[in-house]
Amino acid sequence: MRGTTTPADDASGTLLRAATRHSGARTAALCLVTLAATGAGLLLPAALGRTLDLLLAQAPATGWVLCCAGLVLLLALLDGCQSVLVGTVDARTTAWLRRRLTGHVLAVGPRANARFGAGDLVARLVGNAAQAGTAPAARAALLAALAGPVGGIVALGLTDLWLAAGFLAGAPVLAALLRTFARDTSRCTTRYQQEQGRIAAALAEAVDGRRTIHAAGATDRETARILRPLPELSRAGHRMWRVQGRAAAQAVTVAPLLQLGVIAAAGVLLTRHRLSVGEMLAASRYAVLATGVGVLVAQLASLARARAAAGRLGEVVAEPAPAHGVRRLPPGPGRLELRGVTARRGGHTVLDGIDLVVPGGTTLAVVGRSGAGKSLLAAIAGRLADPDDGEVLLDGVPVRELAHDDLRRAVAHAFERPVLLGGTVEDAIGLGLPAPSPTRIREAARTAHADDFIRRLPHGYGTALADAPRSGGESQRLGLARAFAHDGRLLILDDALSSLDTVTEARITEALTGGSSATRLLVAHRAATAARADAVAWLDGGRVRAVGRHEELWGIAEYREAFAGEGSA
């Protein structure tokens with residue numbers, strides 16, 4: 001009984017069909033070229049047989065010799081065209097798959113990284129996309145590989161029906177072997193690619209934490225952790241090659257027997273003068289074509305690898321991207337409201353029925369112990385994540401109903417460890433702006449107290465990011481400058497001041513609270529930061545324990561304990 005399909009299976013099938021359509025014209029040309037090559041290959045034995053009969057009869061055979069030479073030249077030309085088309089189709093399909101997957105991962109957002117991991121996503125985007133990109137060409141090649149045996153059987157029947165009947169008597173055994181091979185190699189290939197993804201994920205984690213590993217003297221231990229899946233990868237690889245080797249060995253055992261059967265039958269027919277010598281030569285060649293197992297095994301293995309890789313891409317594409325509405329934001333001060341927001345992660349309720357209002361133009365600090373859900377609340381407020389229940393409104397409009405561009409123009413984010421993208425420092429600060437002006441970028445840098453150290457760089461704002469060494473605090477200031485340049489009506493700072501010294505933090509906080517008209521949601525770990533906010537939302541146990549001024553809450557011992565390491569208000 002056929003198993004039920006999963007959303008990932010459906011997504012991978014849809015993905016491959018779309019990828020094939022993207023290179024549809026070239027794929028169709030490749031099919032025609034491969035079929036033409038197969039047709040020429042089927043005509044050649046007949047032409048050779050006829051030429052041999054004429055030569056044995058000492059009859060003129062110049063025309064047939066030229067025909068054979070023409071077929072050989074045509075096969076060489078078609079083979080060259082096939083090689084070019086295969087390379088072109090593979091490259092175009094792979095590029096399309098990578099663009100499609102990259103766009104989807106970016107649309108899904110942080111949830112994609114949380115589910116699959118950065119290393120595994122890179123492995124799928126690079127290795128699996130390249131393997132899946134061979135699927136259209138592999139299908140075209142498989143069509144030709146099937147056309148060869150079918151054409152060989154038809155040619156045997158046209159030569160003499162007994163030849164085709166003798167071959168078909170043993171063909172079911174060959175078909176069963178190929179079916180078993182296709183099923184087993186698909187399973188082995190999927191397992192092999194999964195283990196590759198595990199190693200890539202562990203390697204990406206180690207590269208990201210290389211300083212910590214080196215400082216802890218844990219290089220050998222981390223090396224062992226990264227390579228821990230290697231034995232299983234080796235076993236999966238050996239199983240894959242055993243399956244292919246076993247199938248080839250079984251097929252190679254069966255195929256010569258079928259060929260010998262055809263040649264024996266042709267020999268009998270020759271003795272009875274029902275076949276000529278040339279026809280017997282052609283029959284022997286058609287028997288080889290009809291048992292083209294080696295080509296079939298190779299093409300089935302290639303297609304199985306491509307389908308397994310497409311399955312891994314389908315798992316990513318099946319992860320739904322957030323749907324956006326079409327509503328536009330009305331004019332407003334940036335009033336933020338969370339209504340009954342509940343969020344679960346890993347079966348655990350992190351936020352439970354959060355009700356919160358941030359008046360427009362004010363600063364709300366969100367505080368709480370580690371694991372209280374502060375960063376998740378900040379992500380939900382800016383729709384980097386969606387709640388399981390409840391809704392978030394910006395100036396009275398549910399953020400789920402906002403058009404994508406409206407939402408992203410209205411909300412700016414700064415993070416604890418910002419990722420700086422772009423060619424230069426100026427590009428990094430202006431990321432996401434439709435038309436970033438130098439004046440706006442420099443003003444944002446001054447607000448983030450980044451202008452001084454940027455000007456000390458070799459080429460100032462034009463310095464390449466790779467040539468701009470910076471501390472953790474300086475990276476945070478560049479991330480803050482990027483958020484300030486955005487100039488939205490809601491500014492969300494997710495622990496974006498944690499690496500700054502207290503003096504710089506105080507200056508930036510003062511600039512935020514005194515000179516910005518945006519609504520500010522600030523995840524804070526320092527009491528001094530919370531004290532500068534208009535109000536504080538205290539998270540405890542997934543709920544809002546209290547909302548009020550910092551000095552009002554400071555008298556509660558549990559509130560003070562939320563600021564680990566802080567000794568004063």
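The secondary structure of this protein chain comes to 22 helices and ten strands, where helices (H or I, at least four residues) and strands (E, at least two) are DSSP runs numbered from the N terminus. Before I go further, please keep in mind that this is a predicted model, in which local features need pLDDT of at least 70 and side-chain atom pairs count only at pLDDT 80 or more, while totals for chains, interfaces and linings use all residues. Residues are numbered from 1 along each chain as its sequence is written, and side-chain values use heavy atoms, with hydrogens and water left out.

On confidence, the protein chain averages a pLDDT of 84, and 91% of the residues score at least 70; pLDDT is the predictor's confidence in each residue, from 0 to 100.

Turning to overall dimensions, the C-alpha trace spans about 110 × 50 × 45 Å along its principal axes. The radius of gyration of the protein chain is 34 Å, whereas a compact globule of 569 residues would have one near 25 Å, the radius being taken over C-alpha atoms and the globule rule being 2.2 Å times the number of residues to the power 0.38. Buried residues make up 46% of the 569 residues, where buried means under 20% relative accessible area, exposed over 50% and partly exposed in between, with a 1.4 Å probe and protein chains only.

Six strands form an open sheet in the order 6-7-8-3-9-10, with mixed pairing; two strands pair if DSSP finds at least two bridges between them. Strand 6 and strand 10 (543-548) stand at the edges, each with a single partner strand, so one side of each has no neighbour in the sheet. Neighbouring strands are turned by 15 degrees against each other on average, direction ignored. Helix 18 (residues 472-486) packs on this sheet, touching strand 6 and strand 7, and its direction makes about 175 degrees with that of strand 6; here axes are lines fitted to C-alpha atoms, for helices over the stretch in contact, and angles run from 0 to 180 degrees between N-to-C directions.

Let me walk across the sheet from strand 6 (residues 411-415), where four of the five residues are buried. Five bridges join strand 6 to strand 7, running parallel, and Ala414 stands opposite Leu493 in strand 7. Strand 7 (residues 490-494) pairs in turn with strand 8, in the parallel sense and over five bridges, with Leu493 opposite Leu522 in strand 8. On strand 8, four bridges in the parallel sense make the pairing with strand 3 (residues 363-368), and Val366 stands opposite Val523. Strand 3 is joined to strand 9 (residues 535-540) by five bridges, also parallel, and the bridge partner of Ala365 in strand 9 is Val536.

How many residues of strand 8 (residues 519-523) are buried? Five of its five are, with Thr519, Leu521 and Val523 pointing one way and Arg520 and Leu522 the other. Thr519 counts as buried because its relative accessibility is 0%. Leaving aside neighbours within four places in sequence, the contacts of Thr519 (heavy atoms within 4.5 Å) include Pro333, Gly334, Val358, Thr362 and Leu490.
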